[in-house]
Every structure is written in C-alpha cells, then in structure tokens.
Amino acid sequence: MHPETANDQPTDGRIAAGRHRLPIRVYFEDTDLTGIVYHANYLRYMERARTEMLRHAGVDHNVAMAAGDGYWAVHAMTITWHRPARLDDCLTVVTFVTRVRAAATELSHQVMRGDELLCSATVTAAFLSMDGRPQRLSRQWHDRFSLLMQEAMPA
C-alpha cells in the first residue's frame, strides 16, 4: 500500500465495553426537502453498523458464504424514532448484543447525536443455511456474541 493512501480506508468503528460505535455524518442525500433524515435511512445506518460489528466479532460474510456455511438475514425488527436527525449532523450508531440463540442473535441499535437518542431498534438477525433454513451458529461465533453481550450489560 502506498504511504499516501495508507489511511484512506472507511471507518469500521470500534468496540468498547461490548458496544460497537460507528460514526455517521448526515449528507444531503439522506434527507428530505426539509433537511431531516428520511425515516428509511436509519435502517441503512443500522445495517452498516451491524455489518461492522459482525466484522469486529470475527464474522466474515464472504468467507461464510464461499464455504457454503450460510448467511445472515434480518428476521425481525422493531424501531422507534425519538427525534429527527438533520443535514450535517454527526451521529453515532451504537450496537450491542442483547440475546444469543442457537441460530440467531438479537441486537440493539441506538442512533445518537451526542448524548441525545434519535432512533432505537431491536433487530433479530438469523443465520441461515445456503438453502434458507435456520443454521446453528458456530461455537466460536456463539461464544464471541455471548462475551460481547456480557460486556455490554450495565454494571
């Protein structure tokens, strides 16, 4: 890699105390005519955060699919919009594991502007075999998600 481009990588966020934090900036394309983030774009922010958290947890989507192990799919979601995000806001999507099951993981997402909660969601992500049936998580993934869940629990 050329020294001038060494840092030209998108952010993948970070995990601290079991919670993944992904910074997001609101661009014009994210907003409606009033400069407020369009409601469906919060789903895109959460998808990016969830993907980066899984990457940090050692889940490589491409490797799992190439090996024929399976893939992740959103099974269920509940979402609440608390306050609007606006053009040029700097947001943080906080994601953490709230439950680990044999073939699924439940996560919580919080879209924050500083200390202000703008949007919250609970997502159940199922791991499916290549033919679309529920597939058990590997022991490694199950253990990693369980550890992240324990670390994220309030003290």
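Predicted model: local features only at pLDDT ≥ 70, side-chain atom pairs only at ≥ 80, totals over all residues.
Stop 1: Colour the strands. There are six of them, making an open antiparallel sheet that runs β1-β2-β4-β5-β6-β3. Now pick out residues 14-16 (β1) and 71-81 (β3): these are the edge strands, and each has a single partner, so one side of each has no neighbour in the sheet. Going from one strand to the next, the twist averages 30 degrees.

Select Ile15 and look across to β2 to find His20, its bridge partner.

**Stop 2: the helices on the sheet.** Select residues 41-56, which is helix α1. α1 lies across β1, β2, β3, β4, β5 and β6, at about 135 degrees to β2. Next select residues 139-152, helix α3. α3 also lies across β1 to β6, and its angle to β4 is about 115 degrees.

**Stop 3: along α1.** Show side chains for Glu47 and Arg50. They form a salt bridge, with the closest N and O atoms 2.3 Å apart, and they sit three residues apart, about one turn of the helix. Glu47 is partly exposed at 37% relative accessibility, while Arg50 is buried at 6%.

Move along to Glu52 and Arg55, whose side chains meet in another salt bridge at 2.8 Å, N to O. This pair is also in α1, three residues apart.

Stop 4: The whole structure has eight salt bridges. For one of them, select Asp89 and Arg113, where the N to O distance is 2.6 Å. Asp89 is in the loop between β3 and β4 and Arg113 is in β5, so the pair ties together parts 24 residues apart in sequence. Asp89 is buried at 14% relative accessible area; Arg113, at 24%, is partly exposed.

**Stop 5: a nonpolar patch.** Finally, switch to a surface view and select Leu43, Val74 and Met77. Together they form a nonpolar surface patch with about 220 Å² of accessible area. Leu43 belongs to α1 and is partly exposed, with a relative accessible area of 36%.

Note on methods. Residues numbered from 1 in each chain as written. Heavy atoms only, no water. Patch = residues over 30% accessible without salt bridge, like charges linked within 9 Å, V, L, I, M, F, W, Y side chains within 5 Å. Areas by Shrake-Rupley, 256 points an atom, 1.4 Å probe, with all protein chains shown as cover. Salt bridge = Lys/Arg side-chain N within 4 Å of Asp/Glu carboxyl O. Helix = DSSP H or I, 4+ residues; strand = E, 2+ residues; numbered from the N terminus. Buried < 20%, exposed > 50% of the residue type's maximum accessible area, 1.4 Å probe, protein only. Pairing = 2+ DSSP bridges. Axes fitted to C-alpha atoms, helices over the stretch in contact; angles between N-to-C directions. Contact = heavy atoms within 4.5 Å.
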